[in-house]
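Here is a short report on a protein model. It covers disulfides, aromatic contacts and strand pairing.

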Amino acid sequence: MLTVAMAAAPAAAPGPPPAPDHPARAPALAADPAYGALAPCALTPGQDLQMSEGLPTGHGYVRSTGKVRALTLMIDFPDAKGPGTARKRYAEFFPQTSRWFKRGSYGRLNYRPVAPIKRWLRMPRPFRSYGLKRGSSFEPGYRRLVADIVKAADPRVDFSRYDLVNILVTPNAGPPAARAVLSVTYADNQHAPIADGVPLANVSFVYSRQDDGSGTLRETGYRVLPHENGHVFGLPDLYTRRGGDSAGHWDVMSEDWGAGNDLLAWHKWKLGWLGARQVECVARPGITRRALSPLGRRGGMKLIFIPVSPYAGYAVEARTNEGNDDAVCQPGVLVSWVDTRVDSGRGPITVVDSTPGSNGCTDERNVHPGLSDATFTPGKTFTGGALGTGVRVRVTERDSRGDYRVEITRYASGGGRG
């Protein structure tokens, strides 16, 4: 499976539908026994997609819990020799990336980068000879490059010892990131070459990083790697052709430059970072009252999901400027629409904007301003629905512990089994 990070994509699919204005029978919901009481909320993966938001994630990706060993190689070329040392290039991404995954996963992912070769690994051919451009397919350029990497590294590297591969390309190879984004991941690659008896099926290539001019590149530039590694864990791109208009800065799979951001609660459930008691599935008509703990904290309820079909539904979570969420300027309750039938790069998750038409609440660069104040604060209500199911999410208060208390009402004209 090919995933091209930040590559041009078709126009975004429609986001959340309006509330139903006439009765319609809701389709029967899923009942995967592996998820127990949460089964109706384990949305079925879409078919014939590059990557799907559905559960469970396919077997060809890297596991996202426990110890994960990430082979990291720094490469350069005869016509683009690495500036400075390879160790300095490595330090641009580590230990920050490992810390980001530890915080975001609440310690459930032990991400261990390993760099057995401390120098630049020189490729035998000039960079331009591989013909690599934005959106390049795996064949033939990247297959040739991977083969050269394996040949150069194999005497000192046992590829069978690692779960994924990070290739940190010298930043002077190719155009600057502000002009063309070349960073790319090949995840669940069914055509991967074999090295030391294992397929190199999950490989991320990271090139130059965009400098937003804020002077924070040293602190924030590493986050292109968590984005790329998100693909090897099975997460699709949330941006669209227009950029971060679908999910804004609420997920690193949407926008990964500028100030810090985390992953959406849906992605944390998909990755296995949330326990069963941290997810509530509202699959039957009625009123549900819960306290949502901010996503940046350990423990507590993190996700309330309201499925309206086997493929789609609403996710409700609390976001504050804690943990990885440095850029949150309006803490509150975030509502988003998840559709597993929408492909990577077409907006499979759409954040509901509580203040449509506003200019947002941030002046951070590389943060989509219009969705920066998308959260619902105490006293605000979201009303929506689809396929015969009406949904109302009311934020009642923020309590003394900092949790957000919500009241969720599910109406159903045609029903749907839980």
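C329 is partly exposed, at 30% relative accessibility. The model is predicted.

A disulfide joins C329 to C361, with an S to S distance of 2.0 Å. The torsion about this S-S bond is about 70 degrees, so the link is right-handed. The pair connects distant parts of the chain, 32 residues apart. C329 sits in the loop between strand 13 and strand 14, while C361 sits in the loop between strand 15 and strand 16.

## The C41–C281 disulfide

The whole structure holds two disulfides. In the other, the sulfur atoms of C41 and C281 lie 2.1 Å apart. The angle about the S-S bond is 90 degrees, and the link of C41 and C281 is right-handed. This pair spans 240 residues. C41 belongs to the loop between strand 1 (2-3) and strand 2 (66-76), and C281 belongs to strand 10.

Are these two cysteines buried or exposed? C41 counts as buried, at 0% relative accessibility. C281 also counts as buried, at 16%, because the class takes in values under 20%. With the bonded cysteines numbered in sequence order, the pairing reads 1-2, 3-4.

## Aromatic contacts

The structure contains 19 aromatic pairs. One of them is F101 with Y111, which is stacked: 4.9 Å centre to centre, 20 degrees between the planes. The two residues are ten apart and link distant parts of the chain. F101 lies in helix 2 (residues 96-104) and Y111 in strand 3 (residues 109-114). Both are buried: F101 has a relative accessible area of 2%, and Y111 stands at 4%.

W266 and W269 give another geometry. Their ring centres are 5.5 Å apart and their planes meet at 85 degrees, so the pair is edge-to-face. Both residues lie in helix 6 (residues 265-270), three residues apart, about one turn of the helix. W266 is buried at 1% relative accessibility, and W269 is buried at 7%.

## Cluster and charge over a ring

Which residues form one aromatic cluster? Y90, F94, W100, F101, Y111, F233 and W273 do. The stacked residues F101 and Y111 are thus among its members.

R209 makes a contact with a ring as well. Its charged end sits over the ring of F93, 5.5 Å from the ring centre.

Five strands form an open sheet in the order 10-12-13-14-15, with mixed pairing. Strand 10 (279-281) and strand 15 (349-351) are the edge strands, and each pairs on one side only. From one strand to the next, the twist averages 25 degrees. C281 of the disulfide with C41 lies in strand 10.

Eight bridges join strand 13 (residues 312-319) to strand 14 (residues 332-339), and the two run antiparallel. R319 stands opposite G332 in strand 14.

## The hairpin of strands 16 and 17

Strand 16 (residues 381-386) and strand 17 (residues 389-398) run antiparallel, joined by six bridges. G385 stands opposite G390 in strand 17. Two residues lie between the strands of this hairpin. In the hairpin, L387 takes a positive phi near 55 degrees.

Key. Residues are numbered from 1 along each chain as its sequence is written. This is a predicted model: local features need pLDDT of at least 70, side-chain atom pairs count only at pLDDT 80 or more; totals for chains, interfaces and linings use all residues. Side-chain values use heavy atoms; hydrogens and water are left out. Two strands pair if DSSP finds at least two bridges between them. Helices (H or I, at least four residues) and strands (E, at least two) are DSSP runs, numbered from the N terminus. Axes are lines fitted to C-alpha atoms, for helices over the stretch in contact, and angles run from 0 to 180 degrees between N-to-C directions. Rings of Phe, Tyr and Trp (its six-membered ring) pair if their centres lie within 6.5 Å; planes under 30 degrees apart count as stacked, over 60 as edge-to-face and the rest as tilted. Buried means under 20% relative accessible area, exposed over 50%, partly exposed in between (1.4 Å probe, protein chains only). A charge sits over a ring if NZ of Lys or CZ of Arg is within 6 Å of the ring centre and within 35 degrees of the ring normal. A disulfide is a pair of cysteine sulfur atoms within 2.5 Å.
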